[in-house]
Amino acid sequence: MGIQKLSMLCIGHQLIKSEESMPAKLPVFHNAAVKDVKWSQQGHFLLSCGYDCTSRLIDVEKGLETQVFRQDQIVGVIKLHPDDSNLFLSEGSKGQIKLCDARTGKVVHDYNQNLGLILDVEFTMNGKQFISSSDVSQSNASENAIIVWDVSREVPLSNQVYVEAYTCPCVSRHQFDSIFVSQSNGNYVVIFTTTPPYRLNKYKQYEGHVVSGFPIKCNFSLDGKKLASGSSDCSIYIYDYQL
């Protein structure tokens, strides 16, 4: 399959810029390091989370914090619902996954499977299921590394999607096809279907980059034709998804 390698410098901070390409100033609301930030679909709000055990909804235009969700764990990953931007998943260091409603400030659903550290989460295309990836180094690595959940029933639909002895720091859904990919610490990206029985594609995977235990991300281009992956060798690898 096609592959391109781009060298890059590691950047530790990201600036939000105005239309005049000047950095826009936003107040700092977290009192500890931020772990994840997501834009709302309309681009009016930011959802952030971090080491202060909170998720925070920020009105970008007004520069105001509109909602705070407090937990008893470091919140490392957040994901907005694909159809309802008022709903979002919040996952943390104790393995707890919660679906929160930004309108009420309350938890709608709670997903508990005695997991380790949650590494990433992704909704399926219809928003009725989501995929979680967790650190299972202290348990059976052939179970719970990747779990497909039913959103409304709070139950796992499958916990043996990926049975190799590697954790997966990232999961990402294709925008148009019924598949999702997962970054593996085995130094490759694997493909799964987002429909039951959530099969692994045994004949195709993306190799060439190096993970080396780091939280390396991967994602599809907007047209769905390319897959980009970071790498521990300070490079970005671009794969042709269709080859």
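This is a predicted model: local features need pLDDT of at least 70, side-chain atom pairs count only at pLDDT 80 or more; totals for chains, interfaces and linings use all residues.
**Entry 1. Hairpin β2–β3**

I looked up the pairing of strand β2 (residues 34–39) and found that it joins strand β3 (residues 45–50) in the antiparallel sense, over five bridges. For V37, I noted S48 as the bridge partner in β3. The two strands β2 and β3 make a hairpin, and five residues lie between them. In that turn I checked G43, which has a positive phi of about 80°.

**Entry 2. Sheet β6-β7-β8-β9**

I then traced an open sheet of four strands and recorded the order β6-β7-β8-β9, with antiparallel pairing. Its edge strands are β6 (75–80) and β9 (106–111), each of which pairs on one side only. I looked up the angle between neighbouring strands of this sheet: on average they are turned by 25° against each other, direction ignored. Within the sheet, I followed strand β7 (residues 87–92) to strand β8 (residues 97–101); the two run antiparallel and are joined by five bridges. F88 has C100 as its bridge partner in β8.

**Entry 3. Second largest pocket**

Which residues line the second largest pocket? I listed S40, Q42, H44, F45, L57, L80, S85, N86, A102 and R103. Sorted by class, this lining has four nonpolar, five polar and one charged residues. For the volume of the second largest pocket I noted about 150 Å³.

**Entry 4. Sheet β10-β11-β12-β13**

I traced another open sheet of four strands, ordered β10-β11-β12-β13 and with antiparallel pairing. Here the edge strands are β10 (118–123) and β13 (155–158), and each pairs on one side only. The twist averages 35° from one strand to the next. I followed strand β11 (residues 129–134) to β12 and found five bridges between these antiparallel strands. S133 stands opposite I146 in β12.

**Entry 5. D150**

I located D150 in strand β12 (residues 146–150). Is D150 buried or exposed? I recorded a relative accessibility of 11% for D150. The cut-off for buried is under 20%, so D150 counts as buried. I also looked up its side-chain partner: the side chain of D150 makes a polar contact with the side chain of S152, at 3.1 Å.

Note on methods. Residues are numbered from 1 along each chain as its sequence is written. Side-chain values use heavy atoms; hydrogens and water are left out. Two strands pair if DSSP finds at least two bridges between them. Axes are lines fitted to C-alpha atoms, for helices over the stretch in contact, and angles run from 0 to 180 degrees between N-to-C directions. On a 1 Å grid over the protein atoms alone, a cavity is a set of points where a 1.4 Å probe fits but cannot get out, and a pocket is an open set with protein on both sides within 12 Å along at least five of seven lines; lining residues have an atom within 4 Å of a point. Grid points are joined across faces, edges and corners, and a volume is the space filled by probe spheres set on the points. Ala, Val, Leu, Ile, Met, Phe, Trp, Tyr, Cys and Pro count as nonpolar, Asp, Glu, Lys and Arg as charged, and the others, Gly among them, as polar. Buried means under 20% relative accessible area, exposed over 50%, partly exposed in between (1.4 Å probe, protein chains only). A polar contact is a pair of N or O atoms within 3.5 Å; within protein, one must be able to donate a hydrogen and the other to accept it, and residues adjacent in sequence count only if both atoms are side-chain atoms.
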